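Please read this report alongside the sequence and the model.

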Amino acid sequence: MPDQNPRQRAWVEVSPAAIKANAGALCQHLTPGAELMAVVKADGYGHGAVTVANAALDGGATSLGVATLQEGLELRHSGLKAPILLLSNLCDPEELRTCLEWQLMPTLSSLGDAKLCHALAEDSGRRFKVQLKIDTGMSRLGCALDDGAETTQAIQRLKNLVLEGIYSHLACADDRNMTVTQQQQQRFQSVLEALPQRGHGLCRHLANSAGTLLEPNLHYDMVRVGLALYGHSPASHLSDVVPLRSALAVRAKVTLIREIQAGTGVSYGHQYISPHARRLAVVAIGYADGVVRALSGQIDALHCDKRLPQVGAITMDQLLIDATDAPDLHPGSIVTLLGRDQNVEITPQNWSDRCQSIPWEILCGFKHRLPRVEV
Ligand SMILES: *Cc1c(COP(=O)(O)O)cnc(C)c1O
């Protein structure tokens, strides 16, 4: 829609400068020698993967992590040359062939996966860069712990493969209780100890955002950071470790102002009945844009440092706010649903606390009906 103003109805503002600053602050915090992988899966947690990738690399990240083949290809097609790791599993030979062609590193969970990649590489006459994942307690991807060292060495003997890294993923690093995280680290360490020179020469990595902020011992050769890169802490007790700045705001326009009498039912189901006469504003954003319906009556919109309560059921394309205290609000006024407006900020955590979600899900829930606008 190049011929349309992206700020006509509702939009997501993204700050590459904030991403770059967050990447820089995270790099500063890393144990010497450790590198930063910017995790940009799910379209850069809704911020726009190519925008985020470029800003993070500018800020000091050295590689990128994505979930799907399509996401990897999008980055390559945009001209990005940095190493890219696919964090999810691929099992289709056709997809793996595409990885080889575009230099996207797949994650392997077994020697069987490795042999398939080896055969594909043989056909193409090229060496295939891959990484091995070890399951240390997430019970999702990765080879069994007891096979970790043996599988690593068997892969290293496959001459058409280049094993670039060995890694695992933490299940509970945002928990105040560190028992599971410590156990996972010990397990990861036990695999490394069983390798020649403790796996030196391989890129060894374990930490997500929470692990990165929690404990430098978890940094190894690289950390894989998503949420913190976008300026949000994975847990309240980790919020002061590195100075981070939110990179996103969701804003929308008021399209209509109406006055209602006391006792008037508002929106579907009349979940809200006005106790007094009220001045309502209709805002052009709804759950089809990612403003979760479960938040109905639980959030505020910001306007000129004022918090205006959202009232009644959030509908597919519109929602209502009580603008009685904002007489200056008029059709065309811009309100902020998420992010900062002057001195007030509404965070993804504020939303997720009210709808049994998590900040990750809130951020990647903004639909592509909302144009992304770089600021
Ligand atoms: C998504 C993901 C990350 C990033 O997690 P955050 O908590 O957002 O930092 C790291 N590693 C893997 C394997 C992932 O899937």
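## Basis of the model

This is a predicted model, in which local features need pLDDT of at least 70 and side-chain atom pairs count only at pLDDT 80 or more, whereas totals for chains, interfaces and linings use all residues. Residues are numbered from 1 along each chain as its sequence is written, and side-chain values use heavy atoms, with hydrogens and water left out.

## The ligand and its shell

The ligand is surrounded by 14 residues, the closest being Lys-41, Tyr-45, Ser-209, Arg-224 and Leu-227; a residue counts as near if one of its heavy atoms lies within 4 Å. By class, this shell has six nonpolar, four polar and four charged residues, where Ala, Val, Leu, Ile, Met, Phe, Trp, Tyr, Cys and Pro count as nonpolar, Asp, Glu, Lys and Arg as charged, and the others, Gly among them, as polar. Helix α2 (41-45) and strand β10 (222-225) each supply at least two residues of the shell, helices (H or I, at least four residues) and strands (E, at least two) being DSSP runs numbered from the N terminus.

In the side chain of Lys-41, an N or O atom lies 2.6 Å from an oxygen atom of the ligand. Backbone atoms also take part, with an N or O atom of Gly-226 at 2.9 Å from a ligand oxygen and a polar atom of Leu-227 at 2.8 Å from one. The protein covers 92% of the 390 Å² of accessible area that the ligand has on its own, as computed by the Shrake-Rupley method with a 1.4 Å probe.

## The largest pocket

The space taken by the ligand is the largest pocket, a pocket being an open set of points on a 1 Å grid over the protein atoms alone, where a 1.4 Å probe fits, with protein on both sides within 12 Å along at least five of seven lines, and lining residues having an atom within 4 Å of a point. Its volume is about 680 Å³, and of its 30 lining residues the closest to the centre are Lys-41, Tyr-45, Arg-140, His-169 and Trp-360.

Helix α2 gives the most to this lining, with three residues. The lining divides into 19 nonpolar, five polar and six charged residues.

## The second largest pocket

About 540 Å³ of space lies in the second largest pocket, which is lined by 24 residues, with Gly-231, His-232, Arg-245, Ser-246 and Glu-345 nearest its centre. Strand β11 (248-260) gives the most to this lining, with three residues.

Note on methods: Polar contact = N/O pair within 3.5 Å; in protein donor to acceptor, adjacent residues only side chain to side chain. Sits in = over half its atoms within 2 Å of the grid points. Points joined across faces, edges and corners; volume = space filled by probe spheres on them.
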